[in-house]
Amino acid sequence: MLRLGSLYPSKFLAFACTAVVALGVFEPTVVRAAENDSIRIAVEGAFPPFNYVDSNNQLQGFDVDIAKALCETAKLKCEFVIQEWTAMIPNLLDNNYDAIISSMSMSAERRQKVAFTQKYYDSPTVFIARKNDDIAGTSPDDLKKLRLGVTAATSQESYAKKFYSAVATTVFQASPDLYKGLADGRVDIILEDKLAVYDWLANTKAGGCCAFKGEDIKNTEYFGDGAGIAVRPSDKELLDKLNAALEEIEANDTYDTINAKYFPFSIR
């Protein structure tokens with residue numbers, strides 16, 4: 001699906017969030033706004049620095065901060081729910097929550113099931129390998145004798161199944177497990193969202209083992225046109241509110257301030 005940071009900068013403290021426990025482990029954070037409209041937002045909580053749970057059991061990350069800004073701007077009362085990744089869309093469609101703000105790429109397959117806002121960030125997919133391994137390239141032929149790793153129920157898994165079906169592939173349940181698998185040598189190379197893995201590579205001791213391999217991969221069929229916020233197709237009013245709020249935070253300095261908190265470059 002990157003890991004920095006403390007709480008929101010002081011200018012955003014008006015969100016008045018409190019940490020609470022969801023789905024049996026964490027209670028949702030509630031973001032209160034001026035009006036009474038209330039929605040539940042699903043976040044995986046295991047995809048740093050986009051979304052993760054800190055040592056105080058509080059949700060943090062780029063996705064979370066963007067969601068809080070959107071809720072305040074749209075005057076929505078928002079509650080966060082920790083949701084395991086593979087059940088994200090099914091549980092949205094079953095009305096267990098109202099929106100997904102969790103670095104979900106807008107692939108053609110997902111667009112058939114949910115409605116997406118405009119993109120709120122974009123990132124290519126890339127291969128990552130250990131620095132000392134002699135890997136000639138990243139074509140299916142180059143990798144045919146290697147072990148590839150991907151994360152379950154991601155666009156990268158679908159892409160690997162289609163174009164790297166002859167390569168022995170291990171599917172990990174979450175991105176931290178994927179990265180550990182590469183560092184530990186359980187796989188030789190992984191396929192991952194570039195922004196997601198950037199923090200692990202740049203800011204962790206374990207990530208020092210590894211580096212990007214080959215060119216960026218952009219494929220709109222599998223990776224869509226960036227990450228969007230998913231809602232049920234019938235929830236057009238909510239979709240319009242979120243799109244309007246997204247336009248507003250991008251037009252003022254809110255989005256750029258959140259961006260700068262996590263990345264030294266723009267991810268729009």
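Colleague: Starting with L182, does it count as buried or exposed, and at what relative accessibility?

Modeller: Bear in mind that this is a predicted model: local features need pLDDT of at least 70, side-chain atom pairs count only at pLDDT 80 or more, and totals for chains, interfaces and linings use all residues. The label "buried" means under 20% relative accessible area, "exposed" means over 50%, and "partly exposed" is in between, with a 1.4 Å probe and protein chains only. L182 therefore counts as buried, at a relative accessibility of 0%.

Colleague: How far apart are the C-alpha atoms of L182 and I128?

Modeller: L182 is in helix α6, residues 175–184; helices (H or I, at least four residues) and strands (E, at least two) are DSSP runs, numbered from the N terminus. Contact means heavy atoms within 4.5 Å, and once neighbours within four places in sequence are set aside, the contacts of L182 include I128, A129, W200 and C210. L182 and I128 are 54 residues apart along the chain, and their C-alpha atoms are separated by 8.6 Å.

Colleague: What is the C-alpha separation of T73 and A244?

Modeller: T73 is also in α1. Ignoring neighbours within four places in sequence, T73 is in contact with A245, E248 and I249. T73 and A244 are 171 residues apart in sequence, yet their C-alpha atoms sit at 8.9 Å.

Colleague: Which residue's side chain makes a polar contact of 3.4 Å with the side chain of S102?

Modeller: S102 is in strand β8, residues 99–105, and is buried at 0% relative accessible area. A polar contact is a pair of N or O atoms within 3.5 Å; within protein, one must be able to donate a hydrogen and the other to accept it, and residues adjacent in sequence count only if both atoms are side-chain atoms. A polar side-chain atom of S102 lies 3.0 Å from the backbone nitrogen of E44. The side-chain partner at 3.4 Å is N51.

Colleague: Which helix gives the most to the lining of the largest pocket?

Modeller: On a 1 Å grid over the protein atoms alone, a pocket is an open set of points where a 1.4 Å probe fits, with protein on both sides within 12 Å along at least five of seven lines; lining residues have an atom within 4 Å of a point. Its lining holds 19 residues, and E109, R110, K113, A153 and S158 lie nearest the centre. α2, α3, α5 and α8 each supply at least two lining residues. The top giver, with 4 residues, is α5.

Colleague: What is the volume of the largest pocket?

Modeller: Residues are numbered from 1 along each chain as its sequence is written, and side-chain values use heavy atoms, with hydrogens and water left out. Volume is the space filled by probe spheres set on the grid points, which are joined across faces, edges and corners. For the largest pocket, that comes to about 410 Å³.
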